[in-house]
There are 2 protein chains.
Amino acid sequence: MFAVTILGNNSAIPTLERHPTAQIVTCNEQLLLIDCGEGTQLQIARYKIKRSRLRYIFISHMHGDHYFGLIGLINTLSLLGQKEPLTVFGPPELETILHLQLECSGTTLQFELIFVPLREENQGVILEDKELRVSFFPVHHRIPCFGFIIEMQKRKRKIIPDQARAYEIPAAYFSHLQEGADYQRKDGLLVKNDWVTLPPPPGKRYVYFADTQYSEDLAVYAQNADLMYHETTYLQQLEERATERFHSTTTQAATLALKANAKRLIIGHFSSKYTELSGFEEECRQVFPNTDLALEGTTYLI
Amino acid sequence: MFAVTILGNNSAIPTLERHPTAQIVTCNEQLLLIDCGEGTQLQIARYKIKRSRLRYIFISHMHGDHYFGLIGLINTLSLLGQKEPLTVFGPPELETILHLQLECSGTTLQFELIFVPLREENQGVILEDKELRVSFFPVHHRIPCFGFIIEMQKRKRKIIPDQARAYEIPAAYFSHLQEGADYQRKDGLLVKNDWVTLPPPPGKRYVYFADTQYSEDLAVYAQNADLMYHETTYLQQLEERATERFHSTTTQAATLALKANAKRLIIGHFSSKYTELSGFEEECRQVFPNTDLALEGTTYLI
């Protein structure tokens, strides 16, 4: 299971119907949270996300609609007795603020809070384990702001059935081949793994563009992405305003998806001025047909 | 109109049904906010409070369930174009945190944000205008924490009708008498205001005890209060836990209301462990009959 669940799809001013940015990425048993606007902990409860499985949080930038809910979530996890460490990746100022907030409330967390500061000059991989690889890259916003690439790594090598049969390897041994093992035959021949298997296929990739002005140079980060999220704060008509405010329009997001040759696009961060969202989908689809609205409570497979 | 509207009545862990502490005090055209847990701005929207009339915010202490929603509310007021100054009263650390949050997001507020630090040694009146007088006092919590007394001042003196008639003052002049004016009779006699009026009756008083351990010495702040709010984090059975955690039980809150000779008590800050609240009301009423639950979205006249 590799999927993203939308917890909020609105821009700066939250409404009763649309919450600020937050997304849960599920990678088998692991949960990752990307951005954490005010009220995210309630959205997690509303959509019955297993918060005890949350190990990593990624904050794209220091505008409030992307992080004001973080301290409340951390507090609640601690009150609920979470023991496993929690790692937060975000701009360095975030660490200062979190520590001040914990200190002045006299809070001792029940778990280890690890903070990894994101700085543009260190762009690249920030997390890698058996299943996952996460990297970050800078986007173009009014203040330092980062996008994230989340890749679910395939661990198992792909068996070439004809070859494996030709070397008379029993099917019961195939799982070892997938893990990279060689095979010792009874006649003394050592069958090297790469004679009978291919490297794991490339992992699926989710690319999260945070708040950003349109810029063609960003397409490189989403080349052939299985799923790409891009903000569309405004409809195309307000392109000038989007540029002024370091945001993007529908047509711009869809153009980037096209240039990146992404497989699918979901869009969000809608300005509160819009109550009806169908125009967003329509405008994007004219440029990039495989576009959907990032709807709260909906899970999109990657 | 002098009333309090409850926006949240839960303790530390918010639930989908009960939000953290926040209350709106309406004093004719003015709105005051006491405490501002996460999500308060949405509660303000949900209950159709006119946020543009908000001028004063009082934060009792630095536990998150009493202030995590403040920065989001301030941000939203600015985005919505509020121009009038906003004054926040709270512990000094709050000012540091707010400024950091505004600074790292590159936010320039559209209105003047005035911060008044509350320190125990300065306890007393912090706000006084034609209608209102607000003072603060320390309560007994794990970290510095303050209660608030909000008094709606009566400006008009009370006319003694027999006396006014005896001096042959025309009824058309009564409104001037209420404002404190003397009356010049045609025969040359100057009727002094205090011959025909009494001082304004004492104003109505709302006393907000924030999070606190039970302590008899607090009763002095709510003597004869028209309405008193007290936390009841736990039912009486958990008195020991309440004391350990610097909170109060039902019976303790009701006992304080009794000792203070308050006219009416409302209770809140219920622990998330309770889904059913009727026991809270029942236990309090055994000691102090005029008790009600502080229910979200409900307005209580003072």
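Which side chain does the side chain of His269(A) meet in a polar contact? The partner is the side chain of Asp65(A), at 3.2 Å. (A polar contact is a pair of N or O atoms within 3.5 Å; within protein, one must be able to donate a hydrogen and the other to accept it, and residues adjacent in sequence count only if both atoms are side-chain atoms.)

## About the model

This is a predicted model, in which local features need pLDDT of at least 70 and side-chain atom pairs count only at pLDDT 80 or more, while totals for chains, interfaces and linings use all residues. Residues are numbered from 1 along each chain as its sequence is written, chains are lettered from A and ligands numbered from 1 in the order in which they are written, and side-chain values use heavy atoms, with hydrogens and water left out.

## The annotated site in chain A

An unreviewed UniProt entry carries the annotation "binding site" for Asp65(A), His66(A), Asp211(A) and His269(A). UniProt positions are given in the numbering used here, feature names are shortened, and annotations may be inferred rather than shown by experiment. These residues span 205 residues in sequence, yet no two of their C-alpha atoms are more than 10.6 Å apart, so they gather at one spot.

Let's visit the two histidines. His66(A) lies in the loop between β4 (54-58) and α2 (70-79) of chain A; helices (H or I, at least four residues) and strands (E, at least two) are DSSP runs, numbered from the N terminus. Beyond its neighbours within four places in sequence, His66(A) is in contact (heavy atoms within 4.5 Å) with residues including Asp35(A), Tyr208(A), Asp211(A) and His269(A).

His269(A) sits in the loop between β16 (265-268) and α9 (278-287) of chain A, and at 2% relative accessibility it also counts as buried. Leaving aside neighbours within four places in sequence, its contacts include Asp65(A), His66(A), Asp211(A), Glu231(A) and His247(A).

## Where the chains meet

The contact between the chains takes 32 residues from chain B and 32 residues from chain A. Together they bury about 2,700 Å², 70% of it on carbon and sulfur atoms; buried area is the accessible area (1.4 Å probe) that two parts lose on being put together, summed over both. Six residue pairs are in polar contact between chain B and chain A (both at pLDDT 80 or more). On the side of chain B that touches chain A, α1 (40-46), α2 (70-79) and α3 (92-104) of chain B each supply at least two residues, and α3(B) gives the largest share, six residues.

Definitions and conventions
Buried < 20%, exposed > 50% of the residue type's maximum accessible area, 1.4 Å probe, protein only.
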